[in-house]
Amino acid sequence: MKNVIFKKALFSLLLLMSFIGFSQSLPLSKDAKISVITCGLGNETYSYFGHTAIRVADPGNNIDVVYNYGAFDFRTPNFVAKFAKGDLQYFVIVHSFPEFIEEYNTEKRSVFEQELLISQDAKQRLFDNLNTTLASEDRYYTYKFIDKNCTSMVVDIINKSLNGTVISKKGDTDITYRSILFPYFNGHFYDQLGTSIIFGTKVDQLGTKIFLPFELKNSLEKITYQNHPLVTKTKTLLSFEKETPGSWWNNVYTYLFILAFVVLAHNKIVDKIYLLILSLMGIFFVAVGFYSFHQELAMNYNVLLFSPLLLILIFLSIIKNKRWTYRFAVLHLLFLIFYSIFMINKAHFLIVLPMIITSGFVLVRVAIRNKKRIPIII
């Protein structure tokens, strides 16, 4: 979802300050149009899912602006820590429409427009609500990946202005958030793998909420309001084919090559390094799950594969405690079996399957090396 660089956002805010000052009570003309803008997918992490905004165009008042709920301040103290913890403040800002569309033209990302077919009174309420939010502390909100983002905020303010839950999700309510998200990472393999293993149980809930721009776009096309469609037929303002840049390393082949090397090396040091990496990732997942306010990162069952207890296994192996090394290897094999069964119907099962197989090979080797041999007496 589109994150606007703070300096540019601040410039836009200052540029349009005079407009905001008087627009809170400005009556819209009968020619005013309010539209939902959906922006296409990009190849930067922040743009993988597209972006949602609201356009207000009123030639009678010489207004053509876009309200954008996706801005944040890079200069925020402890920016990375706040983003990871989930208490980073996002805010709404307004752009001139030409500036907004030029940015997406430069980035070669498509832009679609759906005009809201609502009464003049409803348009005025929406316009007033947008400007009231923009001029108050309510312009700030705490970003939540599923529950509160640039798309959900647009849905909320339109519903508020229409005095009801007019906009709700249409379609794909019987599949999980994880299944909905997974295809958005196509062409970005390690981003797809990373999000697959760091997300916990929340993203395995059924995706009943609108939280992505194109979910909103598709739902708007199916919603009726006061016995007529809520929006006009979708208009394409910019059209580009999404091009995913090739990478010699960011692909499934390097992933499989590394795991194949671990399996085929059949080396004690390589096995220990592999298990160490898994355990450190598991510790990170557990720490983030407790530290972060992002509910998507909590209750992460992927720690059955990335078990922090593997550190104990490695330590026992180093001090040559064969009995307990064997027991911990068997314990983690049981974790692996349980994890595999639990994962079968999950969207990310196939992407982690090679890692499951590799871990199985390594743990079996560790168990065999440390299994106490019973002497045969003749």
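Let's start with Asp-64 and Arg-55, whose side chains meet in a salt bridge at 2.8 Å, N to O. By salt bridge I mean a side-chain nitrogen of Lys or Arg within 4 Å of a carboxyl oxygen of Asp or Glu. Before I go on, two housekeeping sentences. This is a predicted model, so local features need pLDDT of at least 70 and side-chain atom pairs count only at pLDDT 80 or more, while totals for chains, interfaces and linings use all residues. Residues are numbered from 1 along each chain as its sequence is written, and side-chain values use heavy atoms, with hydrogens and water left out.

Back to our pair. Asp-64 is partly exposed, at 25% relative accessible area, whereas Arg-55 counts as buried at 12%. The words here are cut-offs: buried is under 20% relative accessible area, exposed is over 50%, and partly exposed is in between, with a 1.4 Å probe and protein chains only. Arg-55 and Asp-64 also belong to a network of salt bridges that takes in Glu-113.

How many salt bridges are there by this rule? The count comes to 11. Another one joins Asp-271 to Arg-369, with the closest N and O atoms 3.0 Å apart. Asp-271 sits in helix 11 and Arg-369 in helix 14 (residues 349-370), so this pair ties together parts that are 98 residues apart in sequence. Asp-271 is buried, with a relative accessible area of 1%, and Arg-369 is partly exposed at 22%. Asp-31 counts as partly exposed at 42%, and Lys-30 as exposed at 71%.

Now, the aromatics. A search of the whole structure finds 20 aromatic pairs. One of them is Phe-100 with Tyr-104, a tilted pair at 5.0 Å centre to centre and 45 degrees between the planes. The rule takes rings of Phe, Tyr and Trp (its six-membered ring) whose centres lie within 6.5 Å; planes under 30 degrees apart are stacked, over 60 edge-to-face, and the rest tilted. Both residues lie in helix 4 (residues 97-107), four residues apart, which is about one turn of the helix.

Next, Tyr-177 and Phe-211 make an edge-to-face pair, 5.2 Å centre to centre with 85 degrees between the planes. Tyr-177 lies in helix 7 (residues 177-181) and Phe-211 in the loop between helix 8 (189-198) and helix 9, so the pair ties together parts 34 residues apart in sequence. Tyr-177 and Phe-211 are both buried. They also belong to one aromatic cluster, together with Tyr-48, Phe-49, Phe-145, Tyr-184, Phe-185 and Phe-199.

Rings meet charges here too. The charged end of Arg-327 sits over the ring of Trp-324, 4.6 Å from its centre. Likewise, the charged end of Lys-346 sits over the ring of Tyr-301, at 5.9 Å from its centre. The test is NZ of Lys or CZ of Arg within 6 Å of the ring centre and within 35 degrees of the ring normal.

One more lysine deserves a look. Lys-217 lies in helix 9 (residues 213-220) and counts as buried at 11% relative accessibility. Which residues does Lys-217 contact, leaving aside its neighbours within four places in sequence? They are Thr-38, Phe-112, Gln-114 and Thr-234, where contact means heavy atoms within 4.5 Å.

Leu-276 is in helix 11 and is partly exposed at 34%.

Finally, the overall picture. The protein chain has 14 helices and nine strands, and of its 378 residues, 51% count as buried. Its C-alpha atoms fill a box of roughly 105 × 45 × 35 Å along the principal axes. The chain exposes about 19,100 Å², with carbon and sulfur atoms supplying 64% of it; areas come from the Shrake-Rupley method with a 1.4 Å probe, and for residues only the protein chains shown count as cover.

Conventions
Helices (H or I, at least four residues) and strands (E, at least two) are DSSP runs, numbered from the N terminus.
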